[in-house]
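Hello,

Please take over the structure below. My notes on it follow.

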Amino acid sequence: MPADSATNPESTPLAPWTQSGRMPRIAIIGAGMSGIAAVVKLRRAGYNDLTVFEKTDRVGGTWRENQYPGLSCDIPSYLYQFSFEKNPDWSHRFSHGPEIQRYMESTARKHGVLRDVRFNTRVEELRYVAPVWELTTNGGETEIFDIVISATGVLHHPAIPDIPGLSDFEGEAFHTARWNTQLDLQGKRVGIIGTGSTSAQIVGEIADQVGKLSLFQRTAQWIHPLPQKAYGTYWKTLLRKVPALNTAVYWGVAFSIEQSFVRATLGNKLLLRYVDWACRRNLRKNVPDPVLREKLTPNYAAACKRLIFCSTFYPAISRDNAELVTDGIERIESKGVRTRDGRLHELDVLVLATGFQADRFILPTRVIGEGGQELGSQWEGSPRAHRATSVPGFPNFWMLEGPTGPIGNISLIMVTEHQIDYVIACMEKMKRDGLVAMAPTEEAFRQYNTAMTEAVQRTVWVTGGCQSWYLDKDGIPNIYPWTPRQYRKEMRHPNFREFRLIRSHDLTRSAERSASTTTSA
Ligand code: NAP
């Protein structure tokens, strides 16, 4: 591309929105929980020119995609909801997947989100042509946007294990995020590889339906009981009549989780001891067989891997028709799974509960920033961002639930809403100061990530001595290591000194520099 068209605002089809008085054109990628929240909050802030690109035909993201039996959320319902759409009708303290999906769809309908969504449209490429983005879809159409917000989620690319012979299996084999909902498991011999949160929920749900359940465990997991409870009509009516009560419960639950499990993960020894005690007690109480209990006891600190909350798993794996297989997997054969002790575990169905590629985020969409740099090659297995939302060299490009954000045992809906407020505050700054673009400085990015890498060493994700999907390819947890309260503060008051604030004349100068370099060359 010629240097001047890449950097000169006059040569782009749109005059900068902060100077022409028009609405900024905003592209949101993904119509899951973050995409829905972004549309509602941006509209409320007065930004109406929104286009949501959704690769499938429905909103809902992870709740649309995951349809495995037992799917539920281990974050309390009153916290796992939008601040602008408090639901008085949650049926349980911890909602089941289909109920959350219905909530996502009804919220999107009620707030008119659907009219902004382009379904079955995948974004293939984003190219920064200062100060705007060219967005190209799978249909080959290219459009220009002033601002791009990636709302693609974290755990959405299934990790398929590299086990020899996987394609030789003659029965049904699928990843948990690609569940075959037509399949009747009644009386079948079902094998499950993996023992994370997903697997625990599935095992708890299907053990009494299947003929034989074989759970292939590579690493034991700590499991905390899930205090499930159904809500009655009186309580729901009260919440409907007194909406402030719903808000009070929202913040009350947030406070109690942040003061307990979150502080434990951040290194509070006393709280970690409590988590360890609660998990051991859960195991002792619910697994009577000492041999099985021994196999289910992890050799690392509780909460090092993301803590599982589930009360159905231990009773299920203790059933006579269930077997916990701890001999490593040698290979997969046409009839089942062969373990290293030479035994063949014959199966009709093989479920891969093997998690997700957690280092992808917006990838494999090609994101090309200033100077032709590609986000994917910059990240290379260790994705980083400034305050989880932006990257130097990629102006006007924002991420919701991006790398280094607060994840773990807290509500991602709350996190995403703070991030949207942050993006809106930055757009307001652009409008006030007539900026054409903004991106974090290299220095701010480096400082934030250096501090993060240091602080994370004190957390149980490092000190706990385990492997987990939190770790990047260098073994560093890709998670915010401070309190959610601090994150809320950072998001509420963006520090604009951390940004390159780009004005029209900066682009003109850069264009002149490029032109003179080209001439002298
Ligand atoms: P996960 O926690 O990453 O667990 C993957 C499992 O697969 C692990 O047990 C892992 O063993 C095993 N595994 C992977 N490759 C393997 C191989 N080649 N051979 C044998 N075993 C292998 O995945 P997940 O259970 O899908 O959960 C991912 C995340 O989704 C959770 O941590 C949570 O954040 C979220 N989630 C949330 C909820 C909720 O209620 N909110 C529910 C489900 C999931 P190793 O431990 O040895 O690596």
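Please keep in mind that the model is predicted.

First, the layout. The domain assignment gives domain 1 as 11-157 + 358-516. Domain 2 is given as 166-244 + 257-352. Taken over C-alpha atoms, the centres of domain 1 and domain 2 are 31 Å apart. Between them, about 3500 Å² of area is buried. Carbon and sulfur atoms give 58% of that area. Three residues stand out on the side of domain 1: Tyr-68, Arg-93 and Asn-409. They supply 18% of the area that domain 1 buries against domain 2, more than any other three residues.

The shell holds 22 residues. Thr-195, Thr-198, Thr-219, Lys-305 and Trp-469 come nearest to the ligand. By type, the shell divides into eight nonpolar, ten polar and four charged residues. Helix 6, residues 197-206, gives the most to this shell, with three residues.

- Thr-219: a polar side-chain atom lies 2.4 Å from an oxygen atom of the ligand.
- Arg-218: an N or O atom of the side chain is 2.9 Å from an oxygen atom of the ligand.
- Ser-197: here a backbone N or O atom lies 3.1 Å from an oxygen atom of the ligand.

How much of the ligand does the protein bury? Taken alone, the ligand exposes 900 Å². The protein buries 83% of that.

Last, some backbone details. Two proline sites come up here.

A cis peptide bond joins Ala-130 and Pro-131, with omega about 0°. Pro-131 sits in the loop between strand 4 (123-129) and strand 5 (132-137).

The peptide bond from Leu-363 to Pro-364 is also cis. Its omega is near 15°. Pro-364 is found in the loop between strand 17 (349-352) and strand 18 (366-368).

Then there is Arg-387. Its phi is near 50°, a positive value in a residue other than glycine. Look for Arg-387 in the loop between helix 12 (375-379) and strand 19 (397-399).

Then go to the cis bonds at Pro-131 and Pro-364, and finish with Arg-387 and its positive phi.

Best wishes

Methods. Residues numbered from 1 in each chain as written. Predicted model: local features only at pLDDT ≥ 70, side-chain atom pairs only at ≥ 80, totals over all residues. Heavy atoms only, no water. Near = heavy atom within 4 Å. Polar contact = N/O pair within 3.5 Å; in protein donor to acceptor, adjacent residues only side chain to side chain. Areas by Shrake-Rupley, 256 points an atom, 1.4 Å probe, with all protein chains shown as cover. Helix = DSSP H or I, 4+ residues; strand = E, 2+ residues; numbered from the N terminus. Nonpolar A, V, L, I, M, F, W, Y, C, P; charged D, E, K, R; others polar. Domains from an automatic or database assignment. Buried area = accessible area lost by both parts, 1.4 Å probe.
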